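Visitor: Could you walk me through how to read this structure, one feature at a time?
Guide: Gladly, let's take a look together.

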Amino acid sequence: TGKLNDVVETLPLPYIAQGAFAMEDEDFEEAFGFAKPAMDETLVFTCKAGIRSYQSAQLAQMAGYSDILEYMGGANEWFS
């Protein structure tokens with residue numbers, strides 16, 4: 001896990017898998033230090049190779065998010 005940029009918020013797959021997107025807004029912000037994304041907000045998922053980002057995107061969709069982008073190449077491709 002890591003940050004692509006200081007203005008980009010990250011949430012590792014284990015937290016997403018444990019139900020982070022089902023948390024109340026205040027609980028989410030307290031737990032992760034940034035506001036919970038709105039249901040109509042664009043979410044972009046990436047990881048090193050693209051496997052965890054796929055899983056995260058699927059979990060976000062199951063939680064009701066619909067504007068989801070997945071960078072399929074992962075960080076390996078982005079930084080090469």
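**Reading the chain step by step**

Guide: This is a predicted model. The chain has four helices and two strands.

Visitor: In what order do the elements of the chain run from the N terminus on?
Guide: Their order is α-α-β-α-β-α.

Visitor: How do I read the contacts along the chain?
Guide: Look at how far apart the partners are in sequence. Among contacts with a separation of 6 or more, 50% join residues 24 or more positions apart.

Visitor: Which residues form the negative surface patch?
Guide: The patch is made up of Glu24, Asp25, Glu26, Asp27, Glu29 and Glu30. One of them, Glu29, sits in helix 2, which spans residues 25-32.

Visitor: Why does Glu29 count as partly exposed?
Guide: Partly exposed covers the range between buried, under 20%, and exposed, over 50%. Glu29 counts as partly exposed because its relative accessibility is 42%.

Visitor: Which residues is Ala35 in contact with, leaving aside its neighbours within four places in sequence?
Guide: Those partners are Phe28 and Glu29. Ala35 itself belongs to the loop between helix 2 and strand 1 (43-45). From Ala35 to Asp25 the C-alpha to C-alpha distance is 7.0 Å, with the two 10 residues apart in sequence.

Notes. Residues numbered from 1 in each chain as written. Predicted model: local features only at pLDDT ≥ 70, side-chain atom pairs only at ≥ 80, totals over all residues. Heavy atoms only, no water. Patch = residues over 30% accessible without salt bridge, like charges linked within 9 Å, V, L, I, M, F, W, Y side chains within 5 Å. Areas by Shrake-Rupley, 256 points an atom, 1.4 Å probe, with all protein chains shown as cover. Salt bridge = Lys/Arg side-chain N within 4 Å of Asp/Glu carboxyl O. Lys, Arg positive; Asp, Glu negative; His and termini not counted. Charge placed at Lys NZ, Arg CZ, Asp CG, Glu CD. Buried < 20%, exposed > 50% of the residue type's maximum accessible area, 1.4 Å probe, protein only. Contact = heavy atoms within 4.5 Å.
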